[in-house]
Amino acid sequence: MPQLIIEAGRAERQYWRDLWRYRELFYFLAWRDLLVRYKQTFIGVSWSLIRPLLTMAVLTFVFGKLGRMPSGGVPYPLLVFSGMLPWQFFSTAIAETGNSLVSNSALISKVYFPRLIIAGSSVITSLVDLFITGVFLVVLMLWYRYVPPTTILLLPLFVLLAIVASLAFGIWIAALMVEYRDFRFIVPFIVQFGLYLSPVGFQSAIVPSRYQLLYSINPMVGIIDGFRWCIFGTRSKIFPLALAVCVLEVVAVLITGIVYFRKTERTFADVI
Amino acid sequence: MTQSAISIKNLGKRYTIGRQKTSDDGMRHVLEEVIRHPISWIKSRRSRRLKDVEFWALRDVSLEIKQGEVVGIIGRNGAGKSTLLKILSRITVPTLGRICIDGRTASLLEVGTGFHQELTGRENIYLNGAILGMSRAEIARRFDEIVEFSEIEEFLDTPVKRYSSGMYVRLAFAVAAHLEPEILIVDEVLAVGDAAFQKKCLGKMGEVAQGGRTVLFVSHNVDAVRALCQRAILFDEGKIQADGDVESVVEDYLARSSIGSGLQLRGEQGLVIEKLALKNGEGQETHQFCPGEDLIVEITYNSPNRIELPYFMIVVEGAHGKCFTANMLLDGMRPDVLEGAGRISCRFGSIPLLPQRYSISLSIREKANQSKIWACKDAISFTVQSDLKNYGYEGEYLTYASRSTSVVIPYVWELPDGKLRPVGLTITPKNSH
C-alpha cells in the first residue's frame with residue numbers, strides 16, 4: 001500500500017487511481033438506485049414504458065395529426081418514439097445526476113470516495129431505462145413491419161454520445177447544485193422546454209436551413225438526428241455540421257465539467 | 001513497531017461561517033453583481049471572501065502516530081476532534097499543513113452510513129460494505145461472520161426500515177467491524193445501541209487493536225477510552241492540549257472540565273473563595289475517591305467585609321441528578337461571622353457512591369433575606385473509581401455501574417429458599433487503590 005499524502009492546497013495525485021479502486025462502488029450505487037426505484041410501486045418496471053408511450057401518443061397527436069408535419073415516409077409514432085429514446089434518456093439522466101450529490105449528502109459528509117462515482121452511477125440508472133424502451137422500439141418496428149437499414153449497426157456510437165452528453169451536463173449541474181440549490185428549479189425547466197426545442201415530435205429538417213446551424217447549438221439535435229439516421233437511414237436527414245457542433249460541444253462541456261467538479265469537490269462536504 | 005502510521009504536520013482547518021445567512025454567495029446575488037459590475041466583480045472576488053467570519057476548527061496540529069498504537073482522542077464538543085477525523089478520512093481538505101498516512105485506512109464516522117431504508121438487510125450489507133471500501137469478494141467471504149455478529153439472521157430479507165433501532169445499529173456495526181484495515185478511525189459510534197451490544201463492540205475493537213493495527217478512537221466515553229487505548233490526546237479549541245499516557249490525559253481532561261482549584265470568584269459583598277479543595281479521609285487533596293471513602297470539601301475564603309451568620313450549602317451531583325447535600329438551612333448551625341481570611345470544611349462520611357463522575361455545587365447565602373452571596377454550580381468535580389469486585393459485587397455488568405443510580409445504600413435480598421444476601425459498599429475493600 002503506497003503512502004497517502006494529504007496536503008493543503010494540493011490536488012490529490014491519487015484521484016484517478018482511486019476512481020478505479022472504487023469501481024465496484026460505482027456498480028453498487030447504480031444497483032441500489034435500480035433496486036430502490038420501483039420498490040413499493042404497484043406496476044413496477046412498467047413505469048419506464050408507460051411514460052414514453054404516453055408522451056409518444058401525445059406528440060404524435062399534436063405534431064402528426066394536428067400539425068400534419070412531414071415524416072419522410074416513416075410511420076409517425078415510430079418517428080416520435082425514435083426521438084423519445086435519446087431525449088428521455090438525456091433528460092432523466094441530467095436530472096438524476098444533477099440531484100445525485102445533494103440526495104447523497106449523508107454519504108458525502110461521512111465517507112470518502114471519488115464523488116464522480118455518484119454522478120456517474122446515476123447515468124447508469126437512466127441507461128437501463130433506455131434499454132427497456134429500446135426493446136419496445138423493436139416491438140413497435142415489428143408492429144409496423146418496418147425493417148431498419150444497415151446503418152442501425154452504428155446506433156451504439158450515438159448511444160455512447162448520448163451517455164457522454166448526459167454525463168457532461170450532469171456533472172456540471174451536480175457540482176453547481178451543491179452550492180446553488182437554484183438548479184433544483186432550473187433543471188425541470190430545461191427538461192420541460194427541451195422536449196419542444198429538440199426535434200422529438202418532429203424532424204429537424206423542417207427547421208429552415210439558414211437557422212440550421214443555430215438550431216444545432218442544442219446538443220440534442222445532433223444526437224436525435226443521429227439516432228434517426230441509424231434507424232431510418234436515408235429517410236431521415238443528418239447534417240454533418242450539426243453533428244460536428246454537437247460532438248465538439250459535448251467534449252468541451254465534459255472537460256470543463258470535470259475541471260469544475262474536481263475544483264469544487266474538495267469542499268463538497270463543507271458546503272453541502 | 002516504531003514506524004509511523006500517521007504523521008501530521010502543522011495541520012489547520014478554517015471554516016467560514018455566516019455565509020449562508022448573508023446570502024452573499026446566493027445565486028441571485030452573484031448574478032446581479034456579474035450583470036451590474038462585471039469587471040469589478042471579478043476583481044472583488046478575492047477580497048469579498050475576507051468579509052466572511054472565519055473560524056479555525058484546527059490550528060497548528062502536529063502529531064505522530066506509530067503503527068500498532070491505539071490512540072484515544074478526547075475533548076469537549078467543538079474542540080476539533082471530528083474535524084481532524086474528517087480530514088484524515090479525506091472527507092474534507094485541510095486549509096494548511098500536511099498529512100502522511102501509511103496503510104489502508106477505513107473510517108467509521110457514523111454507524112450505518114449509506115444504509116438504504118428500502119433495501120433488505122442482505123442488500124444493505126453489500127451496499128454498506130462497498131461504501132466503506134470493501135470489494136464484493138471480500139464482503140461475500142465475510143458475509144456469514146457479519147450476519148452472525150449482528151444477530152439478525154431471521155430478518156435478513158426484511159427491508160431495514162422495518163428493523164428496530166437496535167437491530168439497525170447492530171447490523172451497521174457488524175459490517176463496519178469486519179473491515180480489515182491497517183488503520184481504523186472511529187468516531188463516537190458506541191453512543192448508540194444497548195449495553196450488551198456496546199460491550200460486544202468494544203470487545204471487537206479491542207480485538208482489532210490487539211491484532212497490531214493502528215486505531216484512532218474518538219469518544220466522550222472516558223471509560224471506553226481508558227479501556228481501549230494506551231495513549232490519549234486531548235483537544236481543546238482546535239489545538240492539542242495534552243498528549244501522552246491515557247490515565248494522565250484523561251485525568252487532565254476531567255480536571256479541566258471543572259474550574260477546580262485556584263478559583264478566584266468574587267461574590268456579592270466582596271467575598272472571595274480563594275480555593276475549593278477536595279480531600280480524602282487522610283487529608284490528601286485528590287479528585288479520585290473510592291466508594292465508601294470519606295470526602296472532605298474544604299473552602300478557603302477571604303471576606304473583606306463582615307458577613308454575619310451566613311448559610312453554606314454544598315450539593316453533590318452525579319450523572320443522574322443530585323445525590324446528597326450538606327445544607328446549613330436544614331442543620332440549623334452556621335458560622336457566626338466571616339471576616340478576613342478563613343477556612344470552613346465539611347466532611348462527608350463514607351460516601352455511598354458508585355463509580356461515576358460527580359460535581360459539587362456551592363452556594364453561600366446571607367442570613368437576613370437569604371439572598372445569594374456566592375454561588376457556583378459544578379464548582380469542582382471528582383470521580384469515584386474502583387473495581388466493585390473488591391466490594392463483594394459479582395454481577396456480569398459491573399462495568400456499567402455508571403449507568404445505574406449514583407447512590408447505593410446497603411440492602412439485603414431474601415431469596416425464595418430463605419437465604420439472605422446482603423449487598424452494600426460498606427464491606428471493607430480488600431485492596432482499594
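This is a predicted model: local features need pLDDT of at least 70, side-chain atom pairs count only at pLDDT 80 or more; totals for chains, interfaces and linings use all residues.
Author: Local features need pLDDT of at least 70 and side-chain atom pairs count only at pLDDT 80 or more, while totals for chains, interfaces and linings use all residues. Residues are numbered from 1 along each chain as its sequence is written, and chains are lettered from A and ligands numbered from 1 in the order in which they are written.

Reader: What makes residues of chain A and chain B count as in contact?

Author: Two residues are in contact if their C-beta atoms, placed from the backbone, lie within 7 Å. By that rule, 26 residues of chain A are in contact with 36 residues of chain B. On the side of chain A that touches chain B, H2(A) gives the most, with six residues. Helices (H or I, at least four residues) and strands (E, at least two) are DSSP runs, numbered from the N terminus.

Reader: How do you know that S1(A) is joined to strand S4 of chain B?

Author: Two strands pair if DSSP finds at least two bridges between them. Five bridges join S1(A) to S4(B), residues 96-102, and the two run antiparallel, so they meet the definition of a pair. In this pairing, Gln3(A) stands opposite Asp102(B).

Reader: Which strands pair with S18(B), and in what sense?

Author: S12(B), residues 288-289, pairs with S18(B), residues 372-384, in the parallel sense over two bridges. S17(B), residues 356-365, pairs with S18(B) in the antiparallel sense over nine bridges. Phe289(B) is opposite Val384(B), and Leu362(B) is opposite Cys376(B).

Reader: Why is H7(A) called largely enclosed?

Author: A residue is buried if 20 or more other C-beta atoms lie within 10 Å of its own, exposed if 12 or fewer, and partly exposed in between, with C-beta atoms placed from the backbone. In H7(A), 18 of the 25 residues are buried, so the helix is largely enclosed by the rest of the structure.

Reader: What makes a set of residues a nonpolar core, and how many residues has the largest?

Author: A nonpolar core is a set of buried Ala, Val, Leu, Ile, Met, Phe, Trp, Tyr and Cys residues joined through C-beta atoms within 7 Å. The largest has 141 residues, and Phe217(B), Val225(B) and Ala232(B) have the most contacts inside it. H7(A) supplies the largest share of this core, 16 residues. A second, separate core of 29 residues includes Val297(B) and Ile314(B).
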